[in-house]
Amino acid sequence: MKGLFRVIVLMALIMPVAFANAQAKRGKKKPMSEEMSGQGYGVAGCGLGSIVFGPKTGWVQIVAATLNGTGVQTFGITTGTSNCDMGEGGLFAASFIESNREVVTKEFARGRGETVDSLAYILRCNDTQVFGDKMKENYGKILENGIDSYETTRRIMKTIESTPELKSSCSTVG
Amino acid sequence: MQDDGRMLRQCFLIILLVATVASFARAASSAPSSAASAEARVATASFSSDLKRQAIARALELKLDERLEWLRLVHYRKTTLSGWVSDIDNPLYFVSPDGQRDPRAELVATLDAGFEHVRLPPAIPQAPAMTVRCQYPARWKWLMRELAITDPAPDVCPELEAFRGRMRPSSATLVFSGYYINNPSSIFGHLLLRLNRRERLLGKGSELLDFGVNYGAIATTENPVLYALFGMIGVFKGNFTPLPYYYKVREYSDAESRDLWEYELNLAPDEVERLVDHLWELGSAYFNYYYFSKNCAFHLLALLEAAAPRLHLIDRVHFYVMPADSLKAVAHEPGLVAKVHYRASTLRQLQARYSTLSSDEKRAFLAVRGEKNPVEKTASLEPVGQARVLDAVLDDIDYRNFHDLVFKTNPFVTEKKQAVLSARAQLPVGEELKIEVHDADHPELSHPSGRWSFAAGRASDADGSTTALDGEIRFALHDITDPLDGYLPYSQVESWLIRGRWWSERRRLELRHFYLVRAASLAPLSWVDKKPAWRFDFGVDRVRDRRCIDCLAGRAAFLGGASVEPLAGVLLYALVGPTGETSADFNREKFLLSAEGRIGLRYRISHFWQIDGEGEWRRVFDRETFDRLSAVAKTRFDFGDAALKPWALEFEYANEAGNEDFLARYLRFF
């Protein structure tokens, strides 16, 4: 009896977490952390500050998004040359858009939101309201179906260049 | 012959000469390049070694190795035999080979290596080899200050400076993410720290661009059984990793629809500086991860205590700790929390948006959210109304399909969202969404995690009734009858729940049940989603019927069903499912399967008074199938402030397959 009790208690220690984990694997909402391990740091392309799109479609390796690594004494550096036409601010913007895509599309369509404020800051635009209005106005072009976050960023920067109100309030380094 | 030999000798001598010169040249180049600086180095070296000897002597005289600041910076804990051991389990982390258990040796080694400008071997493979000043800036700064020494030869630390430049915080914020029952590592919530960038004081950018500091385990197995076991017994390594805060917001707020509560901390500028430096130090540290005790809740407190030695937060929590406990330790420290900010999950935003819709708009929203083309159906509304409805539709699409959208696994949903977005972009900018936060929602005001109770009354068994005394202890966390403040409504998680009974006339003391986990979600069906209600039990229960005269059986049950809220405060639910039980003392089959059904009614009459009842039907598939009915009816009165040590009185009638109990119970939280 005592032996069985012990076995039961031991299993009891394992089962609930195992069960919940099995539930998670059965396709229920899997925690993002499992899909996107923050451990897979890497920086690539165009020297420091460039981005590598991770193994899953539309996801980004985090450290690149933070420019030059996170500072934890564990980052690998690889080399590459794509998307070097955007400068540091542009690369940061592209990786931010990629990592926050679903909310960026929503807030650009609304013309307001935290991601709008963040991108305005990254692209050195002082007037977030004008920035939001113009992103909304040019939504169809900037977030056209099928283009990636790099291209979206290029189009945003082109919009800034070609819109007088934005050009004057942004000092985006090209 | 002789000529060849001579030539050979000459060649040999030339090679020897070249090799010697080359090796000297290499040795010279690995030291600072010029002769002048080599001389200067010799000069400072002898000055340094005097200073070093003085520093070490003074440090030992002042007993700096016994000081709280030092012990906390190296994460030393007292052992039972009044020694010390560091929580840091990476043996390469320490400067001294005895560093993990000897604070004095570590301190002396730190000073020694520091003054000698020794490049320490890296503690983790990919890290560069750094000197003490660059690897342990927090330690060094503190030592120099305590010893009143102006560092004569500071090192240049490019990686450290780059890190400091990227972090540049003006303050830190403790972030609590709410309970999430679908992920075992998040059942009890999660805690992380956010470093607030200096520029935000000028209103630049948003919190999303700040750095979050996360402590978590590195799981090395996907096998669920091993994952659970290893996570609990310290096989996994845990470490601190900085991540962009937006990553955490997307993970918690969007993917898992959890609310985030952000507590801005009042830390002095030098404490914030030490926090950043100490984080840098911890970059090469790992700790053995223990799910119940040395987890994120513990290590974040340890981090804060290392940065601000005036704080004594770990003293306030139990030996086992969960995120809400740590949060409360911080919140109850006078003056530590400057302000609280609530960040609503997608679900909450959706619910808030829905409540701002007019009745026409509500009808439109409910009609269109399932439609392939919601835009067409809203055309009859005014543009401002259309915008409101489409904003709600967008939040709804995100809430229900976040994973599919991010990983592009459902083209239908992706296309639908794009159509709604294009339409939304043509409509006017809407009003900012304002979400009401009630005091009662604050997690730091929730009831404590532990609860014990004592009951007295009459209980009966096959031989009649007798006086009974029950004692119960539950280490975590919350059931539906407990005070609601700060918890998810309709959700319950109980862990380490043990009840014993003393039958006085029978002179019998017994274990009534021990549940390792008892969890349930009884959220009523609502317009938001039609999630089923469920319940999961895992533990050991006492059995007295045809299965055995009197024994303990291991029990696992998983029930599913539905619940509704017909009137405010009234909950009605029905659950059904299989139960497995096993005991060596069962009369016939040792492992029995049963079908279990439960029906329950809860009525929360007021904040202070509630009644509830539950009936259970069990069909046990033994060699002879038999049925078993039980029922419980309770009424409960809660007293006191949930945030302190509230207590309650409960009166219970239970009927277990004909055996009746009448009990009066006193419950108290700890």
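Helix 6 of chain A provides the largest share of the lining of the second largest pocket, with five residues. This is a predicted model, and the pocket in question holds about 1700 Å³ of space.

- By residue class, the lining splits into 20 charged, 15 polar and 15 nonpolar residues.
- From chain A, helix 5 (101–110), helix 6 (114–122) and helix 7 (128–137) each supply at least two lining residues.
- Chain B likewise supplies at least two residues from each of helix 9 (245–255), strand 9 (337–343), helix 13 (346–356) and helix 16 (383–406).

**Helix 9 of chain B**
- This helix is mostly covered, with eleven of its eleven residues buried.
- Among the buried residues are the tyrosines B:Y245, B:Y246, B:Y247 and B:Y252, along with charged residues including B:K248, B:R250, B:E251 and B:D254.
- Just after the helix, B:S257 adopts a positive phi of about 50 degrees.

- You will find B:L51 in helix 2 (residues 35–61) of chain B.
- B:L51 counts as buried because its relative accessibility is 13%, and the cut-off for buried is under 20%.
- Beyond neighbours within four places in sequence, B:L51 is in contact with B:F115, B:I149 and B:P152.
- B:F115 lies 64 residues from B:L51 in sequence, yet their C-alpha atoms are 8.1 Å apart in space.

Terms used. Residues numbered from 1 in each chain as written. Chains lettered and ligands numbered in written order. Predicted model: local features only at pLDDT ≥ 70, side-chain atom pairs only at ≥ 80, totals over all residues. Heavy atoms only, no water. Helix = DSSP H or I, 4+ residues; strand = E, 2+ residues; numbered from the N terminus. Buried < 20%, exposed > 50% of the residue type's maximum accessible area, 1.4 Å probe, protein only. Contact = heavy atoms within 4.5 Å. 1 Å grid on protein atoms, 1.4 Å probe; cavity = no way out; pocket = protein on both sides within 12 Å on 5 of 7 lines; lining within 4 Å. Points joined across faces, edges and corners; volume = space filled by probe spheres on them.
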